[in-house]
Amino acid sequence: QVQVVESGGGLVQAGGSLRLSCAASGSIFSINDMAWYRQAPGKLRELVALIRSGGDTNYTDSVKGRFTISRDNAKGTVYLQMNSLKPEDTAVYYCYANGRTSYGQSYGSWGQGTQVTVGS
């Protein structure tokens, strides 16, 4: 079983910065993709940023140039540095990781979410 736990959300004024962290733990053999999703009230969950095990990254257009995703493969952690935050970035942010367990099974695990609120 693989657990994913986020931290680092909070309240910030527009133009400010926050850094989210996420750690995967448990019966992990490998971690392939790690990603951040977000879900605002009344909206569908959307992919914010993804980073593959080799370091390739993808960002949704609305955060390009403002957010940076990074990971520490040795620690099984992923980070999201969010700069120049806007009120429309307000959402619950979820961490996601996939890969293989020590038992050879594929997994895809979600964190419980962390609230990010950007005041205008």
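**Notebook: rings, core and a sheet**

I started with the aromatic rings and found that the structure holds 3 aromatic pairs. A reminder to myself: this is a predicted model.

**Entry 1**

I picked tyrosine 96 and tryptophan 110.

Tyrosine 96 has 18% relative accessibility, so it counts as buried, because the cut-off for that is under 20%. Tryptophan 110 comes out at 39% and therefore counts as partly exposed.

Which residues make up the aromatic cluster here? I found Tyr37, Tyr96 and Trp110 together in one cluster.

**Entry 2: arginines over rings**

Tryptophan 110 turned up again: arginine 45 lies over its face, 4.7 Å from the ring centre. I also found arginine 19 over the face of tyrosine 79, with 4.2 Å to the ring centre.

**Entry 3: the core**

How many residues does the largest nonpolar core have? I got 28, and those with the most contacts inside it include Trp36, Val48, Phe67 and Tyr93.

I zoomed in on valine 48. Leaving out residues up to four places away in sequence, I saw that valine 48 touches, among others, Trp36, Tyr37, Asn58, Val63, Phe67, Leu80 and Tyr93.

**Entry 4: a four-strand sheet**

I traced an open sheet of 4 strands in the order β1-β3-β8-β7, and its pairing is antiparallel. Which strands stand at the edges? They are β1 and β7; each has a single partner strand, so one side of each is left without a neighbour in the sheet. Neighbouring strands of this sheet are turned by 15° against each other on average, direction ignored.

Last, I followed the pairing of β7 with β8, which is antiparallel and runs over 6 bridges. Where does threonine 68 stand? I found threonine 68 opposite glutamine 81 in β8.

Conventions
Residues numbered from 1 in each chain as written. Predicted model: local features only at pLDDT ≥ 70, side-chain atom pairs only at ≥ 80, totals over all residues. Heavy atoms only, no water. Core = buried A, V, L, I, M, F, W, Y, C linked by side-chain atoms within 4.5 Å. Buried < 20%, exposed > 50% of the residue type's maximum accessible area, 1.4 Å probe, protein only. Contact = heavy atoms within 4.5 Å. Phe/Tyr/Trp six-rings, centres within 6.5 Å; stacked < 30°, edge-to-face > 60°. Lys NZ or Arg CZ within 6 Å of the ring centre and 35° of its normal. Pairing = 2+ DSSP bridges. Helix = DSSP H or I, 4+ residues; strand = E, 2+ residues; numbered from the N terminus. Axes fitted to C-alpha atoms, helices over the stretch in contact; angles between N-to-C directions.
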